[in-house]
Amino acid sequence: KSTTASPVPLREREPVQDAVARAEAVTGAARAFVTETLDAAWNALDTGGDPLVRAVVRAQLAITHAMNEAVRAVDICFHAAGTNAISSANRLERFLRDAHTGVQHAAGLTIHQRPAGRVILGLDPGPADPAREGPSTPRPS
């Protein structure tokens, strides 16, 4: 759609095209990380122990990362649309609210990064009880 300030439709504007391309790259990379880590976690079920712990915390990290990158992609597109996007009649406004709301879910919290960082550094993943400041992760058997 065009805006009141310009008769040129948004999709025909170079800055919007650039923003959409950047958003696609952000979400595509996040999607690839999720796919890779979920596949590894699934395959590690047969192994158990430390390989499973590592695979699960990496999958948790990938999911949290993807949720936050989805918000970044929506933000990129929202800002590229300019003031046109702030109207509640514009779908981008709803996408922005939905994305920012969704990332408030427990799976989107950055606390899931800590166990992955700990495991990558050769430590145990940390507390298994979310009430004790840590997401649930499997323990080595």
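Guide: In this predicted model, let us begin with Leu92, which is in contact with Cys77, Phe78, Ala81 and Ala85, once its neighbours within four places in sequence are left aside.

Visitor: Which residues make up the largest nonpolar core?

Guide: The largest nonpolar core has 11 residues in all, namely Leu10, Val16, Val71, Val74, Phe78, Ala81, Ala85, Leu92, Leu96, Ala99 and Val103. The elements giving two or more residues to this core are α2 (49-81) and α3 (91-102), and α2 gives the most, with 4 residues.

Visitor: Why is α2 called roughly antiparallel to α3?

Guide: The axes of the two helices, α2 and α3, cross at roughly 155° and come within 9 Å. Angles over 145 degrees count as roughly antiparallel, and therefore α2 is described as roughly antiparallel to α3. The crossing of α2 and α3 is left-handed.

Visitor: Which residues of α2 and α3 meet?

Guide: From α2 they are Met67, Val71, Val74, Asp75, Cys77, Phe78 and Ala81, and these meet Leu92, Glu93, Phe95, Leu96, Ala99, His100 and Gly102 in α3.

Visitor: What puts the buried residues of α4 on the same side of the helix?

Guide: The buried residues of α4 (residues 113-120) are Pro115, Ala116 and Val119. Because they cover an arc of only 100° around the axis, they lie on the same side of α4. These buried residues pack against α2.

Visitor: Which residue just after α4 takes a positive phi?

Guide: That residue is Gly122, with a phi of about 90°.

Notes: Residues are numbered from 1 along each chain as its sequence is written. This is a predicted model: local features need pLDDT of at least 70, side-chain atom pairs count only at pLDDT 80 or more; totals for chains, interfaces and linings use all residues. Side-chain values use heavy atoms; hydrogens and water are left out. A nonpolar core is a set of buried Ala, Val, Leu, Ile, Met, Phe, Trp, Tyr and Cys residues joined through side-chain atoms within 4.5 Å. Buried means under 20% relative accessible area, exposed over 50%, partly exposed in between (1.4 Å probe, protein chains only). Contact means heavy atoms within 4.5 Å. The arc is that of the directions from the helix axis to the C-beta atoms. Axes are lines fitted to C-alpha atoms, for helices over the stretch in contact, and angles run from 0 to 180 degrees between N-to-C directions. Angles under 35 degrees count as roughly parallel, over 145 as roughly antiparallel, 65 to 115 as roughly perpendicular and the rest as oblique. A crossing is left-handed if the near helix is turned anticlockwise from the far one by less than a right angle, and right-handed if clockwise.
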